[in-house]
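Biologist: I have a model open and want to learn how to read it. Please take me through it feature by feature.

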Amino acid sequence: MRKALKQYAQVSPYLAVGFALTIVFVMYPMVKGMYISFFHYNVIKPETSEAAGLSNFRHVFRDPLIGTAFRNSILLALVTVPGQWVIGLVLALLIQAKTVRLKVLWRLVYYVPVISSWIVVSYLFRFLFADGDEGIVNYVLVDLLHVMRDPVNWLQNTWTANAVIWIVSVWKGVGWVMVLYLAALQSVPKSLYEAAEIDGAKPFAALLNITLPLVRPLTLYVMINLINGAIQAFIQAYAITQGGPMDTTQLLNTYLYKQAFQYFDFGYASAISVCLGVLIFALTYTQQRSIGRDRIEY
Amino acid sequence: MRKIRTILIHLLLVIGVAFVVAPFVYMVLTALTTDNFSLPSPHKLMTDTKTFANFAQAWGKNHFQLYFLNSLMVTLLTMAFSLTLSACMAYAFARFPFPGKELLFRVFIFTLFVPAIINIIPQFTILKALHLVDTYQGLVLIYVGSGLVGSTFFLRGFFERIPRELEESIVIDGGGRFTIFRKIYIPMSLPAIGTLAIFSFQGTWDEFVVALTVMKSEAHRTLPIALQLFRGQYATYYGLFFAASIIALVPTILVFLIFQKQFVQANLSDGSLKN
């Protein structure tokens, strides 16, 4: 007992402040978020909040706009997670190829969207996909390539507006996937490929049977992050469509933000965020478990 | 055959780069032309005289410099506090025995897997209770607090790989734990701390949601929020808006270009050298 106290006394100068901040701004908020979700929470006078039981959660499952937001969030994940992963991996493989010159430069250029600010990039794409003749994308598709006869009002239609959100998300995330795989690919011993080549394996077979299994831990890490990022997407929808037209491009995240900070229904918004947390946790749980177990072994 | 494949690979890479770079080119060209009351036509973009007038104007207008300084201050404060605190915490977890250490660490890791958005509403109510809404202290506290666990996790791994034998020379000289921390652990993990610093800079400089929620008065805004303001006020001056956006992008890109060697060197492949 005395020894434990002494150990705590020794470690606390290093631990105490950070520990306190983590409790106050991470752990306590988690618990409090769940707590708030059971109340008709009053932001101005929290002590007057009325208990709501499960009614906030019941509302989550009945609110038709949640259905739309849920659909959009899931679709965003279904499109952008494979999209970013495939393109990022292919880029890494291309840049990694023996005969490719200026590797550092390619890597640098493809990484620029990743380090660019989300808000700037979102507005930029909003203007690129502007309606009518003004938008440069319309100009390229109609006047330059003649793929379409008339300009599209990208942001006025549910599906084209959603597509613009997907495009930004993929465009901005590809470089991140690429950089991680480039680093991982370099750690795969060359001798394995040479052996495969001697055995007459095609490059694609080598990719499937050697490269991908070896970088599996990284793939899990990338997947968790991409899924997490897709379900938690916010800025691209907030800046490009504001959820419009008619709330049909709301994501779970933008919708709950609107409920909280536009309608000040903190209880309901918290209920949505708790559901969202459970969803993300369920989607990534199995991968999280295996991340600890897997280690690269040659 | 081999040559064709090489050319094909390079061609694919060039096409990819075109997609990456084109939006930026459009942004820069628009920022360099004036009188853009509507989005400029491609013809206008190519033929108009290019001038830096928009940049000068954006920098001087709409309290842009104030927002730039706000962002810089918040970012530097966040970086300083979060690096100091997470280095201390990582040292505590790496080199101090105490009961419940691993359990505590596991609880910490668990929080990494819980989506951040869950926390934003309670974090706001906490700041409200502390009367810190719309203050820099409040914003920095949230940034520092919510980033600590990840950075600690990252640094602990580096600290644990430093051989304990190195501590002996300090102990012989009569130095204590803090001297060991300062003279051995910090200098030996500078690359890791540098990497964290870059991530911290980028993450804070661009942060939007928390700043949007916490900062209410105009004078306190950070750059990402102020840009939105810019667009509202100058909805028709696209050149001005893009010029402001580019100025906002410059610091992160600069920081990345200056420090990217650190990331690059470790995995510069032999392929690029042997050709």
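**Domains, interface and confidence**

Modeller: Start with chain B, which is divided into domain 1 (2–51) and domain 2 (63–265). Domain bounds come from an automatic or database domain assignment. This is a predicted model: local features need pLDDT of at least 70, side-chain atom pairs count only at pLDDT 80 or more, and totals for chains, interfaces and linings use all residues. Residues are numbered from 1 along each chain as its sequence is written, while chains are lettered from A and ligands numbered from 1 in the order in which they are written.

Biologist: What separates the centres of domain 1 and domain 2 of chain B?

Modeller: The centres, taken over C-alpha atoms, are 34 Å apart.

Biologist: How many residues of each domain of chain B are in contact?

Modeller: Two residues are in contact if their C-beta atoms, placed from the backbone, lie within 7 Å. Here 10 residues of domain 1 of chain B meet 8 residues of domain 2 of chain B. The domain 1 side has 6 nonpolar, 4 polar and no charged residues. Ala, Val, Leu, Ile, Met, Phe, Trp, Tyr, Cys and Pro count as nonpolar, Asp, Glu, Lys and Arg as charged, and the others, Gly among them, as polar.

Biologist: How many residues of chain B are in contact with chain A?

Modeller: 69 residues of chain B touch 74 residues of chain A. Helix α1 (residues 2–32) of chain B gives the most to the chain B side, with 12 residues. Helices (H or I, at least four residues) are DSSP runs, numbered from the N terminus. The chain B side divides into 45 nonpolar, 22 polar and 2 charged residues.

Biologist: At what angle do the axes of α5(A) and α1(B) cross?

Modeller: Axes are lines fitted to C-alpha atoms, for helices over the stretch in contact, and angles run from 0 to 180 degrees between N-to-C directions. The axes of helix α5 (residues 118–128) of chain A and α1(B) come within 11 Å and cross at roughly 85°. That makes α5(A) roughly perpendicular to α1(B) (65 to 115 degrees). A:Leu124, A:Phe125 and A:Leu128 meet B:Pro23, B:Tyr26 and B:Met27.

Biologist: Where in chain B is confidence lowest, and where highest?

Modeller: Read pLDDT, the predictor's confidence in each residue, from 0 to 100. Chain B averages 84, and 92% of the residues score at least 70. Helix α14 (residues 271–274) of chain B is lowest, at a mean of 29, and helix α4 (residues 64–95) of chain B is highest, at 94.

Biologist: What ipTM and pTM does the predictor give the complex?

Modeller: The ipTM is 0.86 and the pTM is 0.86.

How values were computed:
Helix = DSSP H or I, 4+ residues; strand = E, 2+ residues; numbered from the N terminus. Parallel < 35°, antiparallel > 145°, perpendicular 65-115°, else oblique.
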